[in-house]
Every structure is written in structure tokens, then in C-alpha cells.
Amino acid sequence: MRAVLLHKVGEQLQVEQVPDPAPPPNGAVVRLEAAALNHRDEFIRVGLYSKIQLPAVLGSDGAGVVESVAPGVDSSWLGRKVVIDPCDGWGPDPRAQDSKTFLIRGMPKQGTFAEKIALPLDRLEPMPEHLSWPEASALPLAGLTAYRALVTRGEVKKGEHVLVTGIGGGGATVVLLLAQALGAQVSVTSGSEEKLRRARSMGAIAAVSYKNKGWEKELAQQAGRPPSLVIDSAGGADFAALLNGVAPGGRIVSYGATLGPPEKLELTRIFFKQIDMRGTTMGTDEEFRAMLRLVARERLRPIVDHVFPLSQAAEADRRLAQSEQMGKIVLNCRA
């Protein structure tokens with residue numbers, strides 16, 4: 001089969017021929033139809049990730065058809081359309097993952113940037129019927145992360161004003177969609193006027209550029225009130241503005257730091273405003289299933305920015321690195 005490999009940090013992704021996988025015990029081989037990129041893939045490629053083991057087939061997100069199963073597995077699995085759980089080994093405590101067993105798919109284990117992948121059956125979930133292959137592949141990592149950030153950690157409430165920072169990336173756009181489906185009113189920030197325009201067309205009640213000094217005041221003015229819940233994946237120098245902008249007693253949930261650590265963290269502002277700061281990453285198997293049920297019930301469609309053939313994985317990665325996308329960048333694993 002064809003697979004996309006990274007051999008050395010700093011090199012480009014390469015499409016190569018590798019042996020076909022065999023079903024593991026109580027498992028299956030999935031013929032992948034589509035796989036989506038995440039910032040994690042680019043961080044690994046450029047060496048900004050811990051415990052890198054190469055060569056590796058990257059990719060955490062994928063959707064496809066069960067092609068073969070291990071001996072003893074019910075043959076009714078054959079032909080099923082499935083989405084792939086992007087992680088393994090969360091552990092017994094739903095509050096936090098077990099650092100000894102938890103892994104995200106795609107380094108060190110084989111990822112989804114390939115024509116096929118072999119997995120245990122408990123890593124496969126039914127694909128929501130209304131989704132296309134690219135849409136289904138866009139869901140796993142972003143959808144799981146967004147669901148846990150909003151529901152489990154953020155405790156989002158119907159009618160609440162939720163701020164989603166850095167709209168445009170695949171994760172942030174999924175947060176927006178899920179928050180709206182859960183009854184929240186959503187505002188956004190971005191450095192791109194085009195992405196702000198797109199977010200308004202998706203129903204954002206306020207949309208401001210984080211490049212503007214004092215943007216948090218403008219956002220509250222547009223929305224008519226400050227956000228009581230902030231979902232942030234950026235961190236960086238602008239994190240201080242989140243402390244200024246969130247409502248007293250509000251929550252800030254952080255699931256990433258694409259812009260690095262905050263330059264200044266004012267502890268006095270945190271405790272005087274009674275701000276609750278919470279961290280989150282990925283999620284449990286049950287949260288993954290709950291996210292898929294929500295998507296199916298509300299017939300939500302993740303935003304797909306662009307679909308590249310598997311043979312152009314390096315070009316897809318370059319688009320991701322340049323932050324040009326609005327939504328998820330996807331690979332067509334059959335092309």
C-alpha cells in the first residue's frame with residue numbers, strides 16, 4: 001500500500017510503498033478513504049514535539065471501510081463505514097489521561113496518512129451517515145478535543161456567551177459548530193478579516209481581530225456582554241487579553257499553545273476576577289462517542305478547507321504550516 005512517511009525531522013513528507021497491514025487479534029483492517037491533518041503532524045515534522053520516533057506514518061484522523069477482520073471476528077464488520085478514534089490508552093480516570101499508556105495516533109504507532117490501517121475493533125466507531133468522507137475524517141481529533149473542552153471541562157450552558165480564539169483552524173471551527181449545537185452564542189477572534197467574515201456567516205455574534213489593541217472591549221461591545229467561557233488553543237502574548245476580557249467568575253479552557261507560552265500572566269487578575277482556568281487535551285472513548293452522537297443528531301458538518309490527493313501530502317502540510325486554511329485540510333487516501 002501507499003503511505004506517507006517522515007524519515008527525519010525537517011524533511012518533507014514522502015509517499016512510499018509499504019507492506020499491507022494484517023488485522024490484529026480482535027481487530028480489523030480499514031481501507032482509508034480520507035485522512036485529515038492536524039497541527040500535531042507539522043509540529044512532529046519540524047521537531048516541536050516530545051519523544052519523536054522516526055520513521056513514522058503520521059496522521060491521527062481518518063475514516064474508511066472495514067476491509068478485513070481477524071479470525072473469530074463477526075463478519076458483519078466487513079463493509080462498515082467507520083471513523084477512527086484518534087488515541088489509545090486513556091486509562092481508568094476520566095479526569096486525566098494515564099501518562100504511561102496514553103498515545104495519540106500517528107507516531108509512534110502507524111497513523112492514517114496511508115491507504116490502509118490495522119486497528120482493534122474498539123478504536124472504530126460508526127460513521128455518521130450524513131457526512132462525506134472528507135467531513136468524517138475531519139472530525140476525530142478536533143471533535144474529541146472540542147467536545148471535552150466545551151462540555152466536560154468548560155461546562156457550557158445553553159445561552160452562554162462562548163469566545164473561540166483563532167477561528168480558521170480545524171479545531172476552532174469545530175468548537176464553534178459544537179458550541180452552537182449545544183445552544184451557546186459564539187464569538188471569535190482571528191488575524192484574518194476573511195476568516196472573521198466567514199465566522200460571521202456561520203453565526204458568530206461577534207468577530208474581532210486580535211491584532212487590534214483592546215480587541216476584548218470591542219468584542220464585548222459587539223456581543224453586548226463579555227464571554228463567560230473562553231476556549232483557547234493559541235496561548236502566546238495575547239493570553240493576557242483573555243484575562244481582561246472574560247467575565248468575572250468566568251472560565252478559560254486551554255487546549256493548545258500554538259503561539260507559545262503567555263508573556264505575562266497576571267495572577268492578581270485571576271483571583272480578583274474569580275477566573276477559573278482549566279486545561280484539557282483530547283478525551284476519553286466515551287467523550288468520542290458522545291461527540292459523534294451529537295454530530296449525528298444535529299447533522300453537523302465540519303468545515304473542510306481543501307482536499308489534496310494522498311500523493312500531494314507535502315503540499316497539504318505546507319498549507320497547514322502557512323495557516324491559510326479555514327477548516328480542516330484533508331487527504332484523499334484513494335487518489
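Predicted model: local features only at pLDDT ≥ 70, side-chain atom pairs only at ≥ 80, totals over all residues.
Residues are numbered from 1 along each chain as its sequence is written, and side-chain values use heavy atoms, with hydrogens and water left out.

## Cavities

Rolling a probe the size of a water molecule over the atoms shows where empty space is left. The structure holds 2 cavities of 30 Å³ or more. A cavity is a set of points, on a 1 Å grid over the protein atoms alone, where a 1.4 Å probe fits but cannot get out; lining residues have an atom within 4 Å of a point. Grid points are joined across faces, edges and corners, and a volume is the space filled by probe spheres set on the points.

| Cavity | Volume | Lining residues |
|---|---|---|
| Largest | about 40 Å³ | Leu163, Trp215, Glu216, Leu219, Pro227, Val230, Ala241, Leu242, Gly245 and Val246 |

In the largest cavity, the elements that give two or more residues to the lining are α6 (215-223) and α7 (239-245). Helices (H or I, at least four residues) and strands (E, at least two) are DSSP runs, numbered from the N terminus. In the second largest cavity, helix α4 (residues 170-181) gives the largest share of the lining, 3 residues. By class, that lining has 7 nonpolar, no polar and 1 charged residues.

## Cores

A nonpolar core is a set of buried Ala, Val, Leu, Ile, Met, Phe, Trp, Tyr and Cys residues joined through side-chain atoms within 4.5 Å. Buried means under 20% relative accessible area, exposed over 50%, and partly exposed in between (1.4 Å probe, protein chains only). The largest core has 49 residues. Those with the most contacts inside it are Leu150, Val162, Leu178, Val188, Ile231, Met282 and Met291. Elements that each supply at least two residues of this core include α3 (140-153), α4, β12 (185-190) and α9 (285-298). A second, separate core of 37 residues includes Ala35, Leu37, Met107 and Leu121.

Leaving aside neighbours within four places in sequence, Leu178 is in contact (heavy atoms within 4.5 Å) with Gly143, Ala146, Tyr147, Leu150, Met291, Leu294, Val295 and Leu300.

## A buried lysine

Which strand holds Lys116? Lys116 is found in β9 (residues 116-120). Lys116 counts as buried because its relative accessibility is 16%. The Lys116 side chain makes polar contacts with the side chains of Glu67, at 3.1 Å, and Asp20, at 3.5 Å. A polar contact is a pair of N or O atoms within 3.5 Å; within protein, one must be able to donate a hydrogen and the other to accept it, and residues adjacent in sequence count only if both atoms are side-chain atoms. Beyond four places in sequence, Lys116 also touches other residues, including Met1, Val29, Leu32 and Gln110.

## Helix α1

The buried residues of helix α1 (residues 39-46) are Arg40, Asp41, Glu42, Ile44 and Arg45. Their cover includes β1 (2-6), β3 (27-36), β8 (103-104) and α10 (313-321). Gly47 follows α1 and has a positive phi, near 90°.

## Backbone exceptions

Most residues other than glycine have a negative phi, and most peptide bonds are trans. The bond from Leu54 to Pro55 is cis, with omega near 5°. Pro55 sits in the loop between α1 and β4 (56-57). Another cis bond joins Met107 and Pro108, with omega about 10°.

Met107 is not a glycine, yet has a positive phi of about 90°. Met107 lies in the loop between β8 and β9. Met107 counts as buried because its relative accessibility is 3%. Met282 has a positive phi as well, near 50°. Its loop runs between β16 (276-279) and α9. Met282 is buried because its relative accessible area is 2%.

Notes:
1 Å grid on protein atoms, 1.4 Å probe; cavity = no way out; pocket = protein on both sides within 12 Å on 5 of 7 lines; lining within 4 Å. Nonpolar A, V, L, I, M, F, W, Y, C, P; charged D, E, K, R; others polar.
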